[in-house]
Amino acid sequence: AAGARESEMGKQEPKNSRFTQQQLPAWRPTLTPAAVSGMLFVVAVVFIPLGAVCLGASNSVDEVRRRYDDDPACFAGFFPTDAEANRRRSDAGAGVTCELTLTPKRTLKAPVYVYYEMRNVLQNHRRFVKSRSDDQLAGRPHDAIGFCEPKAYVVNDTDGTKSEVNPCGLMAWSTFNDTYAFEVDGVEVPVNATGIAWRSDVVEKFADYKPANVNDDVATRGGRAIGPSVSRDERFVVWMRTAALPKFRKLWGRIERDIPAGATVRVRVHNLWNAYAFGGSKSLVLSTTSFLGGKNAFLGAAYLAVGTSCALASAVFLYFHFKPPRRVGDMSELSWQKTSGVSARVNAY
């Protein structure tokens, strides 16, 4: 029996080769203070200039931002009665038309991108994200749209018949519907709404078909006519790309001319989308771009922070390399090699 067990154990042993026994030639670098200092210095040399370039690109972006939902001219009358103000819901849903005045401190070079910025809007909420049909949006055959509930069907008040909402779901139902019109020094400036969505979305994820039974209830937060078709309404396509964070910007359009420094930019805002019900906020942003995109100092600051930290760490390791000097691999520095005090008595045995 013992022989059988030994035979069975022998079968489970790995093959006696240099590979299985981990005896292949290998490079096992010794991380000396000088080597670590050199590696950290190389990282610092790469990251600090890269961070400076990224930070410079971010600082070269000019933008003008203005919150308007709390502006008295844009808020007064949004809830016509005290009861509506208490419920934070407007029965008529007419919204408010107001005018903002912006004055850029530096010239905004064309193209000038128009964004709406929202805060405390949870577009990534699970129920909100799942309430859509990608097959329906792409024009593919679909069996059911039950997961679009509660905005999958509309019911005719007269005969009770149900009609499919297309595009369905909460995301499409609550499409951002504030509008902006611009004047620069008294001259009306058009806003181009083409080419603002991802090409992959327009071509692959949204089909060129006419929507049906979309949200036309003016008292409902969001919602508007979508057209001339789903894929050609790029503001709708932009809205349907879910934002990951509660603070986000979405591209609304593009101004194809320079806006000089000190110019008077008047914006006629139709404030419709009800962000008051949940403590949200809405802002209008005019911005240029750099080769890295919009204004975002985080990437450059992160590169600079990492590069500076590596440079400081490199200096520390360099100090320990030169002072106090110590021979690498000195066996006499091992604790059991020292012969003082208690260690001497232990080693004597």
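**Strands, rings and charges in a predicted model**

S287 sits in strand β10 (residues 281-287), strands being DSSP E runs of at least two residues and helices H or I runs of at least four, both numbered from the N terminus. The model is a predicted one, with local features needing pLDDT of at least 70 and side-chain atom pairs counting only at pLDDT 80 or more, while totals for chains, interfaces and linings use all residues. Residues are numbered from 1 along each chain as its sequence is written, and side-chain values use heavy atoms, with hydrogens and water left out. At 2% relative accessibility, S287 counts as buried; the label means under 20% relative accessible area, with exposed over 50% and partly exposed in between (1.4 Å probe, protein chains only). Setting aside neighbours within four places in sequence, S287 touches V61, D62, E63, P111, V112, Y113 and Y115, a contact being heavy atoms within 4.5 Å.

Zooming out, the protein has 11 helices and 10 strands. Of its 349 residues, 34% count as buried. Take the contacts between residues at least 6 apart in sequence: 78% of them join residues at least 24 apart. The protein exposes about 21100 Å², and carbon and sulfur atoms supply 56% of that (Shrake-Rupley method with a 1.4 Å probe; for residues, only the protein chains shown count as cover).

Now to the strands. An open sheet is built from 4 strands in the order β2-β9-β6-β7, with antiparallel pairing; two strands pair if DSSP finds at least two bridges between them. At the edges stand β2 (96-102) and β7 (187-189), each with a single partner strand, so one side of each has no neighbour in the sheet. On average, neighbouring strands here are turned by 25° against each other, direction ignored; axes are lines fitted to C-alpha atoms, for helices over the stretch in contact, and angles run from 0 to 180 degrees between N-to-C directions. Strands β6 (residues 179-184) and β9 (residues 265-271) run antiparallel and are joined by 6 bridges, and E183 stands opposite R266 in β9.

Elsewhere, strand β3 (residues 112-119) pairs with β8 in the antiparallel sense over 7 bridges. The bridge partner of E117 is R249 in β8. In strand β8 (residues 248-255), 7 of the 8 residues are buried, so the strand is largely enclosed by the rest of the structure.

On to the rings: the structure holds 15 aromatic pairs. Phe, Tyr and Trp rings (for Trp, the six-membered ring) pair if their centres lie within 6.5 Å, and planes under 30 degrees apart count as stacked, over 60 as edge-to-face and the rest as tilted. F47 and Y303 have ring centres 5.2 Å apart and planes at 80°, so they form an edge-to-face pair. This pair links distant parts of the chain, with F47 in helix α2 (residues 33-59) and Y303 in helix α10 (residues 298-322), 256 residues apart. Both are partly exposed, F47 at 25% relative accessibility and Y303 at 23%.

W273 and F278 are also edge-to-face, because their ring centres lie 6.1 Å apart and their planes stand at 85°. W273 is buried at 3% relative accessible area, whereas F278, at 29%, is partly exposed.

The charged end of K162 sits over the ring of Y153, 4.5 Å from its centre, and that of R241 sits over the ring of W198, at 3.7 Å from the centre. "Over" here requires NZ of Lys or CZ of Arg within 6 Å of the ring centre and within 35 degrees of the ring normal.
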